Amino acid sequence: MSHIHIDVEKISFAYESGRTILTDVSFHAAENDSIGLIGANGVGKSTLLKLLVGLNLNYEGSIRVMDIPVEKQTLSQVRSRIGYVFQDSDSQLFMTTAYEDIAFAPRNYGLPEDEVKKRVEQALHLTGIEYLRDKQIYKMSGGEKKLVSIATILSMTPDIILMDEPSIALDPRNRRNLIRILNSFEHLKIIASHDLDMILDTCKRTILMSDGKIIRDGATKEILSDRKLLEDNGLELPLCMQGIADKQVKEKPAYIGRRGTGTEE
Ligand SMILES: Nc1ncnc2c1ncn2[C@@H]1O[C@H](COP(=O)(O)OP(=O)(O)OP(=O)(O)O)[C@@H](O)[C@H]1O
Ligand SMILES: [Mg+2]
């Protein structure tokens, strides 16, 4: 088995007693997996990602990140491998400026300041936000904060990337750049998102959740082209596929014409 992997076995989790959020969730994620995590609002996507980085530890079952069990004693070890982008940027960013936030993880590893600076500049460049370098976080827009959040994980050169709604609030050009960044990342990534077009562009595998359970785990192309499966689970075909469906409808005007205009042949 490869060095970089995540194993989740039969986990169940509740924030409050009496209300189970995740039930019997199991999957194996390998080094070269790119996984889209999809499902309607409230099905448990963010909760699952949070468990993988140990933000809630009172789960039942087993979670192992690169063979390390996720528990209180191993948190720093687990988190040094995983770059995790929160759904809510305000939960992620806690320093005053973009530079300080992006420098935090490499500094925390004890890297020399010239290496820290190099990594920050690189992360700013990759995300295209050099102009935000010294801007105060609290003065940033939602999209700007999202880009800084993404940069904070790039500077730590993680083995595994977990991103929760990374394209939310991004304009089309920044979203396209995010897709480029994700596709250039060579190891395991898991991306929770309602942006199914982005999932289609970045993830070969998709896990579909409903009501705290995994109900489908398979090839993204198959799952994201299954209109009935998606609609039964509160989702829709990706926009690029809806375009294909619309085109097929437009290709039937003769029939509409015959009935609607009385121009029978
Ligand atoms: N801190 C918390 N305390 C109690 N319940 C919570 C907490 N965080 C989330 N929940 C509940 O857990 C369930 C799953 O939430 P979660 O955020 O994992 O869903 P999600 O699939 O990420 O949804 P979305 O698509 O809206 O981001 C929801 O019913 C939510 O209300
Ligand atoms: Mg969520």
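Phe-13 stands opposite Leu-22 in strand S2, where a strand is a DSSP run of E with at least two residues, numbered from the N terminus. Seven bridges join S1 to S2, and the two run antiparallel. This is a predicted model, in which local features need pLDDT of at least 70, side-chain atom pairs count only at pLDDT 80 or more, and totals for chains, interfaces and linings use all residues. Residues are numbered from 1 along each chain as its sequence is written, while chains are lettered from A and ligands numbered from 1 in the order in which they are written.

S1 and S2 belong to an open sheet of four strands with the order S2-S1-S4-S5 and antiparallel pairing; two strands pair if DSSP finds at least two bridges between them. Strand S2 (19–29) and strand S5 (68–69) are at the edges with a single partner strand each, so one side of each has no neighbour in the sheet.

Now to the ligand. Which elements each supply at least two residues of the shell around ligand 1? They are strand S1 (6–16) and helix H1 (45–52), a helix being a DSSP run of H or I with at least four residues. H1 gives the largest share, three residues. Among the residues around ligand 1 are Tyr-15, Glu-16, Gly-44, Lys-45, Ser-46 and Thr-47, each with its C-beta atom, placed from the backbone, within 6 Å of the ligand. The shell divides into three nonpolar, seven polar and two charged residues. Here Ala, Val, Leu, Ile, Met, Phe, Trp, Tyr, Cys and Pro count as nonpolar, Asp, Glu, Lys and Arg as charged, and the others, Gly among them, as polar.

Stay with H1 a moment. Six of its eight residues are buried, so H1 is largely enclosed by the rest of the structure. Buried means that 20 or more other C-beta atoms, placed from the backbone, lie within 10 Å of a residue's own. The buried residues of H1 include Lys-45, Thr-47 and Leu-52. Just after H1, Gly-54 takes a positive phi of about 75°.

Leu-52 also leads us to the largest nonpolar core, which has 68 residues, and Leu-52 and Ala-151 are among those with the most contacts inside it. Such a core is a set of buried Ala, Val, Leu, Ile, Met, Phe, Trp, Tyr and Cys residues joined through C-beta atoms within 7 Å. Helix H6 (residues 142–154) gives the most to this core, with six residues.

Conventions
A residue is buried if 20 or more other C-beta atoms lie within 10 Å of its own, exposed if 12 or fewer, and partly exposed in between; C-beta atoms are placed from the backbone.
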